[in-house]
Amino acid sequence: MSKKPSKPVLACVMGDMNMVRALGMGGIGCAVVTQPGDPVLHSRYTTQAMFWEDFENGGEPLIDMLMRFAATQPEPPVLYYQQDAQLLMVSRQRERLSRAFRFVVPEATLVEDLVDKARFQILAERLDLPVPRTRRIDLATGMPPASPPDLDLRFPIVIKPLTRFIAWVNVGGEGKAVEVKDREALSRIWPHLVAGRMDLLAQEMVPGPETKIESYHCYVDPHGTVIGEYSGRKIRTYPRDLGHSTALTITDAPDVIELGRELVAKLNFSGVAKFDFKRAPDGSLHLLEVNPRYNLWHYVGAVAGVNLPALVHGDLTGLPRPDPVKARAGASWCNITRDRQAAREYGMPMSRWWPWMIRCEAKSIAWDDPMPFLRNTLARVLPARAR
């Protein structure tokens, strides 16, 4: 049996403030890998920093930097990744990285199948997963047709990139996807899609607003045992339709938990994941995607009593597992700046939003970790010399 370290092993975090705060709540110090000027650099839980600008084009130089950092540590750090590009890098370089880091990551082929939406559709059909009907649109290479092909899908549909390319903002704006109501609307936006020169996925839209998107979150060990789990639901997104989450809440949804566990077993999954579902008007759950990586939900999950990143850290550093805990339903998270915009778009009066935001337990501005907000604010109002 290996000797346990005298103090918690450092976490090496390619992630945002939500990840760092979740780990900090578990008493774990963080070495962050981020861009210069990121507010996470000033968190009370950040003890070291490395700078990297573009994770989508990291390659060998990024791996080399991480390996050099790990070589300076008394114990192999625990590695965390929050973006698809970071997940793919860790998965594809797992053999080399495992010489210097501890981490959990799903089986390599499954990672590729889950990240690439076209491959995911093939996997979903093979395993009979409850996903909406989907078609691939190839636009990255060759000569695209002058008019959209017959997709054999029921409108309305949503169109999204195969993977989370930064360049998608030039096609889909701030939203993660675009809604297309009918064939005529598809013809109108077709030249814009073609100009983006990226492969896309078209999917039948499950009726209902973004607030009908629910999720299952879990950490599963290599033996297939679910070590920690909870369910959640979106409260608001910005933009309102197909936007990014600005407010979330932990729920107690037995059918979400049950379906999540069933899919974990079907996929033979191990690692950390978020399963996104949309609840149809008849109450049925439809699987939208599986993200096998860490995410912004982990902060509110830790507040609710289930700290998935800390559970991973404990397993990888030989700590005894705590007794299983059920997450406290009702714990909520919000990005204050973005959610204020979202609340206006949802028609929520500020007289109602402010009390809700103050009661919200996990926020982008934390009273017990104020320096990221204060330093970021000072950077906007003070001259560089004064800062």
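**Working through the model**

Analyst: Leu374 has a relative accessible area of 37%, so this residue counts as partly exposed. Please note that the model is a predicted one.

User: Where does Leu374 sit?

Analyst: Leu374 belongs to helix H14, which covers residues 371–381.

User: Which residues form a nonpolar patch with Leu374?

Analyst: Met371 and Phe373 form the surface patch together with Leu374, and the accessible area of the three together is about 250 Å².

User: Let us turn to the pockets. What volume does the second largest pocket have?

Analyst: The volume of the second largest pocket is about 430 Å³.

User: How many residues line the second largest pocket, and which lie nearest its centre?

Analyst: The lining of this pocket has 24 residues, and those nearest the centre are Glu229, Val306, Val325, Lys326 and Ala327. Strand E10 (226–238), strand E11 (244–251) and helix H9 (254–267) are the elements that give two or more residues to this lining. E10 supplies the largest share, six residues.

User: How does the lining of that pocket divide by class?

Analyst: The lining of the second largest pocket has 13 nonpolar residues, five polar ones and six charged ones.

User: And how many cavities of 30 Å³ or more are there?

Analyst: There are two cavities of 30 Å³ or more. The largest cavity has a volume of about 80 Å³, and the volume of the second largest cavity is about 40 Å³.

User: Which residues line the largest cavity?

Analyst: Ten residues line the largest cavity, and Leu114, Val115, Lys117, Glu289 and Asn291 are the ones nearest its centre. Helix H5 (108–115), helix H6 (117–127) and strand E13 (285–291) each give two or more residues to this lining. The largest share, three residues, is from E13. By class, five of the lining residues are nonpolar, one is polar and four are charged.

User: What lines the second largest cavity?

Analyst: The lining of the second largest cavity is made of Lys117, Phe120, Gln121, Thr134, Lys160, Leu201, Gln203, Leu288 and Glu289. H6, E8 and E13 are the elements that give two or more residues to it, and H6 gives the largest share, three residues. This lining divides into three nonpolar, three polar and three charged residues.

User: Now the backbone. Which residues does the cis peptide bond with omega of about 0° join?

Analyst: That cis bond joins Phe155 and Pro156. Pro156 is in the loop between strand E5 (134–137) and strand E6 (157–161). The peptide bond from Tyr238 to Pro239 is also cis, with omega near -5°, and Pro239 lies in the loop between E10 and E11.

User: Why mention these bonds?

Analyst: Most peptide bonds are trans, and most residues other than glycine have a negative phi.

User: What phi does Asp152 have?

Analyst: Asp152 has a positive phi of about 55°, although it is not a glycine. Asp152 lies in the loop between E5 and E6. With a relative accessible area of 49%, Asp152 is partly exposed.

User: What about Arg197?

Analyst: Arg197, which is not a glycine, has a positive phi of about 55°. The loop between helix H8 (183–196) and strand E8 (200–204) holds Arg197. Its relative accessibility is 39%, so Arg197 counts as partly exposed.

User: Finally, how far apart are Asp368 and Arg44?

Analyst: Asp368 and Arg44 are 324 residues apart in sequence, while their C-alpha atoms are 8.7 Å apart in space. Asp368 is in the loop between strand E15 (362–363) and H14, and Asp368 is partly exposed at a relative accessible area of 45%.

Conventions:
Residues are numbered from 1 along each chain as its sequence is written. This is a predicted model: local features need pLDDT of at least 70, side-chain atom pairs count only at pLDDT 80 or more; totals for chains, interfaces and linings use all residues. Side-chain values use heavy atoms; hydrogens and water are left out. Patches are made of residues with over 30% relative accessible area and no salt bridge: like charges are joined within 9 Å, nonpolar side chains (Val, Leu, Ile, Met, Phe, Trp, Tyr) within 5 Å. Accessible areas come from the Shrake-Rupley method with a 1.4 Å probe; for residues, only the protein chains shown count as cover. A salt bridge is a side-chain nitrogen of Lys or Arg within 4 Å of a carboxyl oxygen of Asp or Glu. Helices (H or I, at least four residues) and strands (E, at least two) are DSSP runs, numbered from the N terminus. Buried means under 20% relative accessible area, exposed over 50%, partly exposed in between (1.4 Å probe, protein chains only). On a 1 Å grid over the protein atoms alone, a cavity is a set of points where a 1.4 Å probe fits but cannot get out, and a pocket is an open set with protein on both sides within 12 Å along at least five of seven lines; lining residues have an atom within 4 Å of a point. Grid points are joined across faces, edges and corners, and a volume is the space filled by probe spheres set on the points. Ala, Val, Leu, Ile, Met, Phe, Trp, Tyr, Cys and Pro count as nonpolar, Asp, Glu, Lys and Arg as charged, and the others, Gly among them, as polar.
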